[in-house]
Amino acid sequence: MKNVKPVTDWMIDQLKRSQTADGSWAYPFETGITTDAYTIILLRSLEMRGEEPLISGLVKRILSRQEENGAWKVFHDEHEGNLTTTVEAYYALLYSGRCHEGDPRLEKARNFIVAKGGLAEVNIFAKIMLAMTGQMNYPSFFPLPIEAILLPITSPVNFYSISMFGRANMTPFMIITDKKYTLKTVNTPNLRGLNVNKIQEDSWRVPQDWQPSLQLLKEGFDSLAGSPEQIHQLAIDRATKYMLDHIEADGTYYSYYSSTFLMIFALLSLGYHKTDPLIKKAIAGIKSMVCDMNGLPHMQFTTANVWNTSLIGYALQTAGIAPDDTMLIRANEYLLGKQHHKFGDWIIHNRSQLPGGWGFSNVNTINPDVDDTIATLRVLASMPRQNHEVWNKGVSWLLSMQNDDGGWAAFEKNTNAPYLELLPIEKGKFILSDPSCADITGRTLEFLGNHTTIDHQDESVRKAVAWLMRNQQPDGSWYGRWGICYIYGTWAAVTGLLAIGVPRKNTAVNQAIKWLEKVQNEDGGWGESCMSDQREEYIPLGESTLTQTAWALDALIAAADHPTTTIDKGISYLVQAVQREDWSSSYPTGQGIAGFYYIHYHSYRHIFPLIALSHYHTKFGS
């Protein structure tokens, strides 16, 4: 086995070079070309001047990602291409004014779109965008009428039974569809030629199996007091206030691209002028999230500074960097300044708890999440404990967010009512609910076991272990919600269970290890396709990736008493591939919404291999 130290030293040096002036790491949060396309459509719809350099760069980036058949993909092995992404790219390129009908590249894209069913087959987000820019009709009925925001907490279906991400996007959705707002300019392209069949409201038709959920909504509406007109206006006012109350200092709504984009159109539909300060600041907030990708601009869905910094800080500590190293001190100071002190929507289902968590982006102040809180506390655990109040508030918030079923979710507590999946929202499982998941539950246990005095007899720990045992797949793996996918969930579950004291010989752990060994590739690495989250079963990628190899290895190392052949083959792969540059090194390993939205974290290629190699070196030597 080669000495791993030269490789870890190289990665540490890369991280030292990339730390920013404020102590954080601002590695790109890359999500394909959808945000790039929507930015062109937004700037052209608002007829903003002075944006030509940005639009020109975005056009170049979009064109650079086009496949030979004319389509665009959201991940490398997505068969022929993605219809929705191709429509978004085609529309943006036309609207930019830098590409025109008849351009061979656009003709290829057009042929792909028509062959795949045209505009009627794109996802719900794209349908809303196309409707509000005049390319298709609004539905005669939208699944969540604006009045839904008024339903009381006690109602089986109510605004706060929906997840945070669902509320953030559905609120402007509901306003826009209620108003049936359309914004067209003299330069708006006409995409009606992409209709395979004439699009009418039946393209939004409501399937029969959604009727029970619609009945629950109807019963809730019937309970509201007042005339229909009064109720309707009250709902509009409530939705507007909700958006305005969740604007961050940079002008973005919830610090997310999608919700901010929708908020801008919702405000326009309410009568706000294109030059209103709120809209101008929101656009500036979106533009502030631009990052450089090989000399071309990419509009990030959000920034990932807190997430990057907390994970990198832990990776550096694991690699032996001393807590008093200037690099870690600066990172620590950055993270300490990002603890939340405001009450966010999480308080609705966790009423007795004070703030204390951490969020994801550099501007997030009202939307903490469990994963970032764990990651940050894990860094602080190894630092000189000078901030007892920060630590205690963070741990208290984390423990209070445990769901009644024993697991932990991402953003809120107990927002996983099963009937939410029956609401007529495409991909509602990912948008509307925030269930307990193996990746976050496992990481919480890993943190509690390795970095606190809480032991396996604690009631919260026993409930979490029981949740993981109940939710293991028959093949021994666990499904990970926020990564790709079964390798991700299995890594988190195994390391969490072992850290809290579950023995290596436990049947669940043993089955998981056997599964990881079974899915190892011939080259020693591991690789899983983004298709796994769509099919809800493990789908091999056919190629190894650095990140997924590191996840699998870290679990195997944690469970092993000595190096195994499987582990040594994996370590050899990492050592040889850590500087590789090909499609596998940029393959998305973060999951947002199955089939829609995947994330390539540029920091992961350094973080997780460094952790796995350092754990190997610490436990087994070189």
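## Lys 180

In this predicted model, Lys 180 is partly exposed, with a relative accessible area of 41%. The residue belongs to the loop that connects helix H7 (164–179) and helix H8 (211–222).

## Asn 294

A positive phi also occurs at Asn 294, where the angle is near 55° in a residue other than glycine. Asn 294 is situated in the loop between strand S2 (290–293) and strand S3 (296–299). Its relative accessibility is 81%, so Asn 294 counts as exposed, the cut-off for that class being over 50%.

## The cis peptide bond at Cys 485

The peptide bond leading from Ile 484 to Cys 485 is cis, and its omega is near -15°. Cys 485 is placed in the loop between helix H18 (459–470) and helix H19 (486–499).

## Packing of helices H4 and H6

Helix H4 (residues 83–96) and helix H6 (residues 124–132) have axes that come within 10 Å and cross at roughly 25°. Because angles under 35 degrees count as roughly parallel, H4 is described as roughly parallel to H6. The crossing of the two helices is left-handed.

On the H4 side, the contact is made by Thr 84, Val 87, Glu 88 and Tyr 91. H6 contributes Ala 126, Met 129 and Leu 130. By class, the residues of this contact comprise five nonpolar, one polar and one charged.

Terms used: Residues are numbered from 1 along each chain as its sequence is written. This is a predicted model: local features need pLDDT of at least 70, side-chain atom pairs count only at pLDDT 80 or more; totals for chains, interfaces and linings use all residues. Side-chain values use heavy atoms; hydrogens and water are left out. Axes are lines fitted to C-alpha atoms, for helices over the stretch in contact, and angles run from 0 to 180 degrees between N-to-C directions. Helices (H or I, at least four residues) and strands (E, at least two) are DSSP runs, numbered from the N terminus. Angles under 35 degrees count as roughly parallel, over 145 as roughly antiparallel, 65 to 115 as roughly perpendicular and the rest as oblique. A crossing is left-handed if the near helix is turned anticlockwise from the far one by less than a right angle, and right-handed if clockwise. Contact means heavy atoms within 4.5 Å. Ala, Val, Leu, Ile, Met, Phe, Trp, Tyr, Cys and Pro count as nonpolar, Asp, Glu, Lys and Arg as charged, and the others, Gly among them, as polar. Buried means under 20% relative accessible area, exposed over 50%, partly exposed in between (1.4 Å probe, protein chains only).
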